Amino acid sequence: MKTLREFGRMPIALTGPALAVLLVVFGIPIVQLFLTSFNAPAFSTGNYKAFFGQPANVRVLFQTIEISVVATAICLLIGYPTAYLIVAASKRLRMALIVLVLVPYLTSGLVVTYAWIVILGDGGLINNLLVDHGLISSPLPLIYNRMAVYIGMVHIMLPMMILPLVSAMMGIDKSLMAAARSMGARPATAFWRVFFPLSMPGVRSGCLLVFVVCLGFYIAPAALGGLGDAMLSTFIASQVRSSFDMGRVAASAFVLLAVAIVVLSMVGLDLSGTSRRTAQPSLKSWHRLGEFFISYRAKRWIAQLYRAGGDGRWPQLVGIMFLALVMFYLLFPEVLVVIMSFSAGKYLQFPPSGFSLQWYESFFGDPSWYAAAWMSIQIGFMVVILSTIIGTLAAFGLNRALPRLRSFLTMAMLTPITFPVIVVGIATYLGLLKLGLLGSMTGIVLAHTIGAIGYVLVIVSASLANFDPQLEQAAMSMRAGPLQTFMRVTLPLIRPGIIGGAVFAFLHSFDEVVITSLVGGISMRTLPLKMWEDIRHQIDPTIAAVATLFILLPLVVLMILFVAGWRSTLGLQRARPVPAA
Amino acid sequence: MVSINRRRFIHGASAIAAGAMSYQPRRAAAQSAGEVIAMLNGGDYAKACMEAYVRPFEAETGIKVTPITDEFSMAKFELEVSNNNVSVDVVPIGPGLTLQASRKGYLEEIDYSIYKRDELDAMLDFAKSPHSVGSIVYALCMVYNIEKFPANKPRPATWAEFWDVVKYPGVRTLPTGEYGEYGPWEEALLADGLPADALYPLDIDRAFASLDKIKPHIRKWFATGSEIQQMLHDKVVDLAESYDGRAVALIDQGAQVEINRNQQKMTWESWAIPKDSPNPENAQRFIEFITRADRQAAFVQLMPYGPTNRNAFKLLPEAVARKFASHPDYSASTITMDSKWYSEVGSDGKTNNDKIIQRWNEWILQ
């Protein structure tokens with residue numbers, strides 16, 4: 001009786017630590033920030049008036065939405081067929097393809113953006129090739145325009161679109177399609193009437209994630225775009241940099257947040273993917289919207305792809321070529337950076353003038369580099385310990401909570417990774433300011449932990465969803481205590497989820513640059529900060545060597561995951577919030 | 001006014017008193033190896049600082065220098081000062097920010113009593129401000145690719161000619177205006193025919209009208225030194241406005257570019273001590289040490305920026321000395337940037353810098 005009561009009370013208590021950290025570091029500050037934006041306690045809309053009073057701000061706001069919408073649409077157009085082809089592939093090939101998609105997803109966005117500069121630049125790879133072969137006389141303007149911004153953004157976001165899609169498509173019962181065909185539906189009809197609607201949850205969460213993350217972009221547009229390709233985050237960041245007027249910055253941040261929230265609520269707030277039923281009502285309207293912005297050509301094209309599974313060699317070939325092209329697009333920049341890091345020249349160039357290890361020597365021989373790396377590793381491990389414990393507890397608590405409470409709390413705990421990063425950064429800054437932890441290692445650890453908890457929560461929740469609670473009951477019935485049951489039954493079964501969560505928590509911390517640059521103060525130099533600094537000041541290939549280490553890291557991580565028993569689950573459970581497969 | 005003056009006086013007096021009293025302890029501190037935390041900018045700049053400043057200073061005084069290889073950020077600095085949580089003793093800071101920071105009382109006064117007479121006399125006037133000591137002099141100047149503009153063909157000599165895209169065709173770059181102060185405003189006005197001595201106060205409308213004309217011909221409005229260096233190296237642009245140091249570095253490596261010092265826009269950077277820094281005395285000593293002629297001469301040979309201490313030129317071969325913006329030969333054709341104007345606050349509470357940034361943000365979207 002007593003254990004039962006404890007059991008009944010436990011769930012919510014388990015989310016306590018996570019909620020406490022989130023509230024103190026992020027939750028309360030964001031409310032304060034909101035009040036500040038209205039000049040509380042006097043309450044005036046002055047800051048918002050000032051924001052909308054500047055025509056430049058309004059134009060940049062619309063431009064931000066426009067760029068995000070277009071980038072999301074491109075991601076969907078490329079991502080949907082890619083995911084379809086991945087799912088249609090043999091089991092082994094599918095595994096390999098998922099890993100290949102994961103690699104760029106896990107690579108630092110900074111590094112990738114930087115690789116695109118080398119590829120698209122006036123003296124870059126493409127232009128050099130064309131000029132050398134006499135195809136053009138002067139370089140084509142491939143960089144510093146909107147097109148380059150899309151190329152860079154889509155490259156970073158595509159995995160985030162493909163993975164939820166793959167996850168959703170894997171859950172679709174193939175026999176439904178066969179049934180449709182057997183009843184005389186043409187392949188296109190079967191696809192369009194059966195498969196596509198069933199894949200909508202994946203489309204929805206993919207688009208949502210991509211769109212919201214795009215809203216907060218600022219490094220890629222600044223580095224690849226032209227004069228006019230500014231995004232709101234760029235403006236907010238420069239406001240923070242020049243004169244820190246909290247009210248003004250808060251107002252701009254909440255305008256951006258409002259856009260994100262409007263979109264989130266339009267498409268359905270259920271990011272946690274915990275219950276499928278709640279997703280259904282909004283599906284219809286979304287379906288219509290989906291049809292609206294997927295062009296007719298894409299429809300026909302996807303339909304043809306479906307036929308690829310059936311008869312005819314030619315369509316199959318097209319499918320393979322398409323997949324190869326997407327993989328090339330995803331992986332080529334990484335390969336390029338690795339090659340450049342072994343360059344013998346003093347400048348970034350491709351192909352490199354010779355082979356040398358000097359840039360690795362320069363990395364390991366320069367205290368400002370290895371000290372930064374060491375600091376990032378320390379912070380990363382502290383974040384892993386903190387967020388894995390707190391996040392796992394929270395996942396347990398939520399797993400046993402009422403469904404409605406569960407989806408509300410999951411939503412709340414995911415805000416640090418679903419809100420535009422610049423907003424999170426400014427709120428965290430305010431939170432740490434109150435705690436007196438700005439510019440300290442503890443402060444950075446806390447700032448990273450709030451995001452890392454989200455990753456741990458999602459991944460552990462996913463493995464808990466597949467976990468059969470009857471196993472625990474069985475153990476208890478055989479007189480195992482609650483602790484013993486947890487250690488001997490529950491923990492071993494959800495270990496892959498916990499390890500996965502820990503790994504993503506580490507990567508989240510190791511890669512974070514925007515929030516860290518705001519809360520890091522003067523003397524805290526993490527590796528991504530040092531890289532960002534160096535990209536602006538240095539032009540030697542040390543940066544490529546560092547980037548290579550950054551690319552190798554995810555590969556090591558994937559191996560860890562593989563060894564940790566993700567073999568079977570990798571395709572099904574994803575790090576990002578995706579609907580339950 | 002009176003009260004301000006009195007406060008200043010008291011500040012000054014106490015600084016001198018503190019300097020005098022701390023003479024003995026300072027020597028003791030040298031033996032027991034005190035510390036100074038110095039921010040040294042990033043990249044090669046920091047490396048040159050380590051070589052020319054940090055190691056000799058440690059050898060002479062026994063004070064340990066903890067370097068921070070980053071550039072100064074006003075927002076972070078403001079935050080640390082306002083939270084009484086200053087973590088750095090010496091910062092590199094531009095003239096505009098020096099004015100802002102000292103106006104807000106964020107900077108320690110420089111104790112000029114510990115400087116040698118002849119060193120102090122040799123220092124350029126603008127380098128000796130109450131709250132900062134000049135570290136380097138540099139300029140934004142015109143640079144062209146000499147394959148595109150060889151010596152036997154006409155080359156653009158003035159900003160008016162830089163604007164003349166018909167007579168001097170070629171791909172161009174100018175610095176971005178998003179930070180206000182270091183944007184191409186003076187150049188735009190000179191190109192529009194304004195004489196150099198009538199630049200300030202800047203006529204913002206006229207500057208933007210002039211920029212309208214050159215806008216379609218600018219390949220990229222560069223934001224960082226590494227960008228302009230890479231662009232000139234890759235021959236992406238034929239005609240540029242560049243930091244002189246970046247161009248000199250390229251020339252030293254054999255790049256096909258040349259600098260035109262006519263109408264160069266000169267400015268400088270300084271060392272300053274944040275209020276309530278952890279080791280203010282060591283910071284005073286460090287700055288005094290690294291602004292000596294011999295140290296600056298050592299530094300500028302590693303990093304091609306001009307010295308603020310004119311005596312440094314005596315220690316440099318003429319070929320090296322000519323690389324620097326502060327070389328006496330260039331002074332007649334040089335415009336000195338007026339940071340004071342940029343940091344002036346108007347009736348609406350905004351600085352000229354803020355206004356120009358806002359205007360720029362609108363202009364780029366047109």
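## Basis of the description

Domain bounds, as used here, come from an automatic or database domain assignment. The structure is a predicted model, in which local features need pLDDT of at least 70 and side-chain atom pairs count only at pLDDT 80 or more, while totals for chains, interfaces and linings use all residues. Residues are numbered from 1 along each chain as its sequence is written, and chains are lettered from A and ligands numbered from 1 in the order in which they are written.

## The two domains of chain B

In chain B, domain 1 covers 2-137 + 268-328 and domain 2 covers 138-267 + 332-363, and the centres of these two domains, taken over C-alpha atoms, are separated by 29 Å. Contact between them (C-beta atoms, placed from the backbone, within 7 Å) involves 13 residues of domain 1 of chain B and 15 residues of domain 2 of chain B.

On the domain 1 side, two or more residues come from each of helix H5 (95-103) and strand E5 (132-145) of chain B, where helices (H or I, at least four residues) and strands (E, at least two) are DSSP runs numbered from the N terminus. H5(B) gives the most to this side, with four residues. The side of domain 1 of chain B that touches domain 2 of chain B divides into nine nonpolar, three polar and one charged; here Ala, Val, Leu, Ile, Met, Phe, Trp, Tyr, Cys and Pro count as nonpolar, Asp, Glu, Lys and Arg as charged, and the others, Gly among them, as polar.

## Chain A and its domains

Chain A has 26 helices and zero strands. Of its 581 residues, 49% are buried, a residue being buried if 20 or more other C-beta atoms, placed from the backbone, lie within 10 Å of its own.

Chain A is divided into domain 1 (1-35 + 358-567) and domain 2 (55-340), and 34 residues of domain 1 of chain A are in contact with 35 residues of domain 2 of chain A. The largest share of the domain 1 side, ten residues, comes from H26(A), and the residues of that side comprise 28 nonpolar, four polar and two charged.

## Where the chains meet

The contact between the chains takes 31 residues from chain A and 37 residues from chain B. On the chain B side, the elements that each supply at least two residues include helix H3 (43-61), helix H4 (74-82) and strand E7 (218-222), and H4(B) gives the most, with six residues. By class, the side of chain B that touches chain A has twelve nonpolar, 15 polar and ten charged residues.

Terms used
Contact = placed C-beta atoms within 7 Å. Buried ≥ 20, exposed ≤ 12 C-beta atoms within 10 Å, placed from the backbone.
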